[in-house]
Amino acid sequence: MGIFTIGTGPVSALAVAEAAADPTFHVELNQDALNLIGRGREIVEEAAASGQRVYGLNTLLGSGRDTAVEEKSLLAYQVQVIRYHNSGVGPYLDRAAARAVILARLVGFSRGGSGVRVGTAGFYAELLNRGVYPAIPREGSVGSSDLTQLAAVAAVALGEGEAFDASGMLVPGAKALADAGLQALQPAAGEALALVSANAYSVGAGALALVRLQHLARLADVALSLSLEAIARYDGGGNLSPFSPAIQRAKAVDGQRDSAAAVRRLLSGGWLEDVRREASVQDALSFRAAPQTHGAFRFLVAQLRSALEVELNGRGDNPLVDVESGTMVSGGNFQPMQLALSFESLRLGLAHVGISSERRIAKLYPPQRTIRARHLAAASSAPGATSALIQEELPGLLWYSAAGLLAELKFLAAPATLGAPTLSADIEDHSTLAPLALQQLEKSIDAAEKLLAIESLTASYLLLEAEAAQPLGNGTGLVAGRLADVLADRPSAPDLVERSRTVLREAVDQLFTETEEATP
């Protein structure tokens, strides 16, 4: 069992993703965090006792911001706020994403800006530790706080709403709490808004997407390396000079240097390193400029991590409890524009990675026609050759699927953040649409992983078909060997791609973990 300890220091997006993905992780708040949360609550109670008007504490929300809530109605108002915002629609988040939402909000509590009670923060930790899985609708947020997703969590905390039991069945929130040995939370004044007013869906699910994007950055270099070896065998290409340290030193782009270095490592020990080998002076740009394309994508992934950690470690609450001044201040930190634009730019980056991948597949495809022609010539004299031919064509025909996936990536690259209408009597007249940008990015990630799997399959198929004496690189040889086992089973095309994605995840993790461990 892992332990995720939340203090007042910086929190890593990757650590959040790891703890969210593994339900055995135990989450705890250390004493520094508890002290800061407690001080924030004291400030809320002081403001309430003073009679000063504070948004959401003793006023209505949105266009009702200047309408006071009577003191005798404050506790009932908390429940009303949660019920009102629990209006999301669409499919429910999976367990990892639901845990990520709760965990991201709990980290937000620990920053001291929300003003919740220590017991309320502890209750959210127990939701995670005791396996409570709220049914959180995916849709409903416009990215000015993920109100509907967080209200679905808060509703379960109140003993309302719905959750999933251990068997995956929907049950009332009250039953989910009882099964976990928890009593329903009774929110205090100002807590309802603190529970729902944050971007914990965009941040939590974004952290999970970050892990997948890091895998894609590595997979892109693996697919490229396999294609370099394949094009070298069939078309005299595979020139490694664009990946040389000299070229990479000439332009200070960290992601580009990392991509080129990864390709060199994957091909090390293989025949492409032989200086006596004759190679084309220059390959097509989808090969030659791949470090630039893949490097730019790596840079965008790093930017996303930075944006996520700004949100995780910042205070996005409104009103903000400012512990330093002892006051509550209205503001707009709930508007995660930087994060939303990171989601946007990554979809565009993935489309460019996809363009290069599909073009490399296209360059590999003609040699397969040559291979098939050889089989056709022997078909009349080799019993059973026609049947074998049909099965051997399968990886090449996946090029059509690759073209379709590329079209999807280009479509998904269109802006998502510009479409929000104005809401609440034109008071909420701008939104980030960060959740929509994230959801489109999740689709792009899925399409790109399939496309890169097809490239890896196509190149590996050709390398295995050639049965060449020249050795593959240490990294590419491992990957091609793993994919050979999948190809040998001759599964259907959908199963072939899905199994290859699984194999590639394991192989890429192994290759890059070994590299990281070997780096001083």
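Predicted model: local features only at pLDDT ≥ 70, side-chain atom pairs only at ≥ 80, totals over all residues.
View 1. Look next at how E4 meets strand E6 (residues 162-164): the two run antiparallel and are joined by 2 bridges. Within this pair, tyrosine 133 stands opposite phenylalanine 164 in E6.

**View 2. The largest pocket has a volume of about 920 Å³.** Its lining is made of 31 residues, and those closest to the centre are Tyr55, Leu61, Gly62, Leu147 and Glu428. Helix H3 (74-85) and helix H6 (147-157) each supply at least two residues of this lining. H3 gives the largest share, with 5 residues. Sorted by class, the lining of the pocket holds 12 nonpolar, 16 polar and 3 charged residues.

**View 3. Helix H17 (residues 434-466) and helix H18 (residues 474-488) cross at roughly 90°.** Their axes come within 9 Å. Angles of 65 to 115 degrees count as roughly perpendicular, and H17 and H18 are therefore roughly perpendicular to each other. Where the helices meet, H17 brings Ser456, Leu457, Ser460, Tyr461 and Leu464, while H18 brings Ala480, Leu483, Ala484 and Leu487. By class, this contact has 7 nonpolar and 2 polar residues, with no charged residues.

Terms used
Residues numbered from 1 in each chain as written. Heavy atoms only, no water. Pairing = 2+ DSSP bridges. Helix = DSSP H or I, 4+ residues; strand = E, 2+ residues; numbered from the N terminus. 1 Å grid on protein atoms, 1.4 Å probe; cavity = no way out; pocket = protein on both sides within 12 Å on 5 of 7 lines; lining within 4 Å. Points joined across faces, edges and corners; volume = space filled by probe spheres on them. Nonpolar A, V, L, I, M, F, W, Y, C, P; charged D, E, K, R; others polar. Axes fitted to C-alpha atoms, helices over the stretch in contact; angles between N-to-C directions. Parallel < 35°, antiparallel > 145°, perpendicular 65-115°, else oblique. Contact = heavy atoms within 4.5 Å.
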